[in-house]
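Visitor: I've got this one open on my screen. Can you walk me through it?

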Amino acid sequence: MHLIMILNALAVAWWLRSSWNHHQGNWSLRWQRSLFLFLFPPLLIFMTAIAVLFMGPQGEMGGMYTGSVSYVVALIYMAFFAILCIKLAFQGWQSVESARNCPLVNLGDKRARLLQTGALFAGQIGFWQPELVISQGLLQTLSPDHLESVLAHEQGHHYYRDTFWFFWLGWVRSCTAWLPNTEPLWEELLALRELRADSYAALQVDPLVLAESLLLVVSTSPVLSEICCAALGSSAVGDRLEQRVEALLAPPEPTPEAQLHSWHGFMLAFLPLVTVMFHS
């Protein structure tokens with residue numbers, strides 16, 4: 001019976017991920033749809049594995065006896081999740097330590113770590129309390145107005161705690177790389193993250209100046225991993241870059257705060273835990 005639960009969860013997860021197709025729309029609808037299809041399938045599998053582990057390798061459920069095969073499968077899957085989390089946390093810690101080895105500089109009322117490279121880079125690096133990291137090349141290349149727009153964009157990442165939340169989303173991405181549309185959904189979420197930070201910055205600086213800064217910064221290759229990092233040039237290639245520039249030049253679109261009702265659909269992923277009551 002437990003094996004049937006696992007297979008059902010895998011089938012639902014595969015079907016939901018396969019149903020995703022990229023479409024245009026306002027920021028809020030795209031964000032809610034992409035986040036749901038990215039998170040719900042792995043959450044359903046995760047909750048099913050927890051339910052199986054909680055019920056144990058022996059017993060009876062629905063008139064059917066359970067065996068140890070499903071228990072071992074769930075245990076292996078949870079161990080796989082844990083190992084990947086530790087691996088990504090270690091890589092993130094290395095990025096943070098690397099940033100902390102850079103000297104501190106004052107940028108008006110802000111302080112930042114100075115990266116000794118000629119590449120154009122600015123980003124937030126860390127977990128819940130990230131630090132601003134900016135390259136020597138960026139300070140030497142950008143005008144004061146362009147630099148102000150870049151700092152405003154990075155403040156948007158800090159405001160929304162993007163480094164923290166996208167660390168966990170990156171963990172989910174690694175754990176479910178075998179599910180369909182994992183990479184397209186990940187790229188979509190990255191693009192929407194950047195659009196949100198752009199929108200935040202556009203309320204403080206001239207959107208045209210920010211668009212010019214964006215074009216300058218993304219002309220160079222990224223210098224740091226995206227783990228625990230949210231940078232101006234993230235996911236800004238091809239149509240993503242064009243999309244961001246068009247959004248900056250268009251009339252501003254409000255970025256709504258997360259509403260409670262938008263999370264109601266995720267409650268269905270906890271249904272496997274209810275089956276524990278029918279196990280004996």
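This is a predicted model: local features need pLDDT of at least 70, side-chain atom pairs count only at pLDDT 80 or more; totals for chains, interfaces and linings use all residues.

Visitor: Fine. How many helices and strands in the protein chain?

Guide: The protein chain has 9 helices and 7 strands.

Visitor: And what share of the residues counts as buried?

Guide: 47% of the 280 residues in the protein chain.

Visitor: What about contacts between residues 24 or more positions apart?

Guide: They make up 72% of the chain's contacts with a separation of 6 or more.

Visitor: Let's do packing. At what angle do helix 5 and helix 8 cross?

Guide: At roughly 90°. Helix 5 covers residues 144-159 and helix 8 covers residues 207-217. Their axes come within 9 Å. Angles of 65 to 115 degrees count as roughly perpendicular, so helix 5 and helix 8 are roughly perpendicular to each other.

Visitor: Which residues make the contact?

Guide: Helix 5 brings Asp145, His146, Ser149, Val150 and His153. Helix 8 brings Val209, Leu210, Glu212 and Ser213.

Visitor: How do those divide into nonpolar, polar and charged?

Guide: The contact of helix 5 with helix 8 has 3 nonpolar, 4 polar and 2 charged residues.

Visitor: I'm also looking at alanine 201. Buried or exposed?

Guide: Alanine 201 is buried, with a relative accessible area of 0%. It lies in helix 7.

Visitor: What does alanine 201 touch?

Guide: Leaving out residues up to four places away in sequence, alanine 201 touches Ser149, Ala152, His153 and Leu210. Ser149, His153 and Leu210 also take part in the contact of helix 5 and helix 8. One more distance: alanine 201 and glutamine 155 are 46 residues apart in sequence, yet their C-alpha atoms are 7.6 Å apart.

Visitor: And alanine 202, where does that lie?

Guide: Alanine 202 lies in helix 7 too. Its relative accessible area is 22%, so alanine 202 is partly exposed. The cut-off for buried is under 20%.

Visitor: What are the contacts of alanine 202?

Guide: Alanine 202 touches Pro207, Leu210 and Leu248, again not counting residues up to four places away in sequence. Its C-alpha is 8.2 Å from that of serine 149, which is 53 residues apart from it along the chain.

Visitor: Switching to rings. How many aromatic pairs in the whole structure?

Guide: A search finds 19 aromatic pairs. Take tyrosine 160 and tyrosine 200. Their ring centres are 6.2 Å apart and the planes sit at 75°, so the pair is edge-to-face.

Visitor: Which parts does that pair tie together?

Guide: Tyrosine 160 is in the loop between helix 5 and helix 6, and tyrosine 200 is in helix 7. The pair therefore ties together parts that are 40 residues apart in sequence. Tyrosine 160 is buried, at 16% relative accessible area. Tyrosine 200 is buried as well, at 19%.

Visitor: What about tryptophan 168 and tryptophan 171?

Guide: They form an edge-to-face pair, 5.7 Å centre to centre with 75° between the planes. Both are in helix 6, 3 residues apart, so about one helical turn separates them. Tryptophan 168 is partly exposed at 34% relative accessible area, whereas tryptophan 171 is buried at 17%.

Visitor: Which residues do ring pairs link into a cluster?

Guide: Phe46, Tyr77, Phe81, Phe127, Trp128, Phe164, Trp165, Phe167, Trp168 and Trp171.

Visitor: Which ring does the charged end of arginine 161 sit over?

Guide: The ring of tryptophan 128, at 4.6 Å from its centre. In another case, arginine 196 lies over the face of tyrosine 160, 4.3 Å from the ring centre.

Visitor: Back to arginine 161. What is its phi?

Guide: Near 55°, a positive value in a residue other than glycine. Most residues other than glycine have a negative phi. Arginine 161 is found in the loop between helix 5 and helix 6.

Visitor: And the phi of asparagine 181?

Guide: Asparagine 181 has a positive phi of about 65°, and it is not a glycine either. Its place is in the loop between helix 6 and helix 7. Asparagine 181 is partly exposed, with a relative accessible area of 24%.

Key
Residues are numbered from 1 along each chain as its sequence is written. Side-chain values use heavy atoms; hydrogens and water are left out. Axes are lines fitted to C-alpha atoms, for helices over the stretch in contact, and angles run from 0 to 180 degrees between N-to-C directions. Helices (H or I, at least four residues) and strands (E, at least two) are DSSP runs, numbered from the N terminus. Angles under 35 degrees count as roughly parallel, over 145 as roughly antiparallel, 65 to 115 as roughly perpendicular and the rest as oblique. Contact means heavy atoms within 4.5 Å. Ala, Val, Leu, Ile, Met, Phe, Trp, Tyr, Cys and Pro count as nonpolar, Asp, Glu, Lys and Arg as charged, and the others, Gly among them, as polar. Rings of Phe, Tyr and Trp (its six-membered ring) pair if their centres lie within 6.5 Å; planes under 30 degrees apart count as stacked, over 60 as edge-to-face and the rest as tilted. Buried means under 20% relative accessible area, exposed over 50%, partly exposed in between (1.4 Å probe, protein chains only). A charge sits over a ring if NZ of Lys or CZ of Arg is within 6 Å of the ring centre and within 35 degrees of the ring normal.
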